[in-house]
Amino acid sequence: MRVLVLSFYYEPDLCAGSFRATTLVEAMRERAPPGTQIDVITTLPNRYHSYLQQAAELERSDGLEIRRIPLPTHRSDMIGQARAFLTFARRAVAHAAARDYDLVVATSSRLMTATLGAWIARGKQARLYLDIRDIFVDTLRDVLPSASAWPARKALEQLESWTMRRADRINLVSRGFEDYFRGRYADRSLAWFSNGIDAEFLSAPQPAAAAPPAAAMRDAAVTILYAGNIGEGQGLHEVLPQLSRALQDRARFVVIGDGGRRAALERALTGVDNVELRAPMARPELLQAYRAADVLFLHLGAKRAFEKVLPSKVFEYAALGKPVLAGVAGYAARFIREEVVNAAVFPPGNVAEAVRGFESLELVDRPRPEFVAKYARADIARAMADDVFALRRAGGGG
């Protein structure tokens, strides 16, 4: 049996898609039927230009081949991303051309990797398993609302339909996607394997329940940390300048990351002296920054499409036992309220509610053992790997 796994990002790249794809492949190797060969086609690390890691273009080990495609230098604008993906797609098709596959697995946030998987699976007459991490067409409706963008959105809707209707099984990382997919693709077989907590955060020392009284901590400036992408979807440039000013004498913010809106955030923070911007960093250093923080901060832009998503950062933050301040709506807000203790949720962009949420937090570190046990990424990945191989068995062959 030969399996192709497509992921635009893969270890050692720093992003949620990389962590998810890498853990899934490790679980697939562990759960694969004897004699299975897994081929991974991905890219050389490219997520952040301010943090580039070296990786081999070709790695081979028992039952696994990883091929990383070099991309042209690009920024995170739409044109640059489109050029980069076209390079990836052309090279991926060329690499896959000489091999027969029984099963194609594609993990995708911006639809195109899923479409690439559907194209290759169609040519190989292989079963297709899609792992959908975002609803790209839905997001574009908010990002490109003008009438001039209507033709592009319409074309992408048709491409999405073509892709999803060729899938034998579709995994959705967020329950918030359910209504969208039930309404459009009711005949598709759906699975629900969410993001989870990576091993580094499971092995991190759990915080002690005891901590200085909140009143004592509020006498000093509280460190509020955000770590992750700084893009349009996160909307930090729309909330952090005002929020940092509102908490001028009570908090200092540390922002670790990069992305297409970092420059806009820097401009908006002109004259603000309680926000520190840092470049992306490796996970060992990031864990140290997390431990030094008092509160972990999360924010999504005020777009309807974002009300369906569940950011992978939620799992990382919650595992560390720190108080969480989250500017999210919809499914993510409901999930955090139900699953994460000592977390405050406020409507995206609403500074007054963000301040009230901050004031409601207990500024202590408190373990969340039930959450950690429920959402270990390796366990989720093993169950998902079993689901992938069950699809192949259902289709016959071996």
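Colleague: Is Tyr317 buried or exposed, and what is its relative accessible area?
Modeller: This is a predicted model, where local features need pLDDT of at least 70 and side-chain atom pairs count only at pLDDT 80 or more, while totals for chains, interfaces and linings use all residues. Residues are numbered from 1 along each chain as its sequence is written, and side-chain values use heavy atoms, leaving out hydrogens and water. Buried means under 20% relative accessible area, exposed over 50% and partly exposed in between, with a 1.4 Å probe and protein chains only. Tyr317 is buried, as its relative accessible area is 0%.

Colleague: How many aromatic pairs does the structure hold?
Modeller: Rings of Phe, Tyr and Trp (its six-membered ring) pair if their centres lie within 6.5 Å; planes under 30 degrees apart are stacked, over 60 edge-to-face and the rest tilted. By that rule, the number of aromatic pairs is 18.

Colleague: Tyr290 and Tyr317 form one; how many residues apart in sequence are the parts it ties together?
Modeller: The pair is edge-to-face, at 5.9 Å centre to centre and 85° between the planes. Helices are DSSP runs (H or I, at least four residues), numbered from the N terminus. Tyr290 sits in helix α11 and Tyr317 in helix α12, so the separation of the parts in residues is 27.

Colleague: What is the angle between the ring planes of Phe335 and Tyr375?
Modeller: Both residues are buried. Their ring centres are 5.6 Å apart, and the pair counts as edge-to-face because the planes are at 65°.

How values were computed: Helix = DSSP H or I, 4+ residues; strand = E, 2+ residues; numbered from the N terminus.
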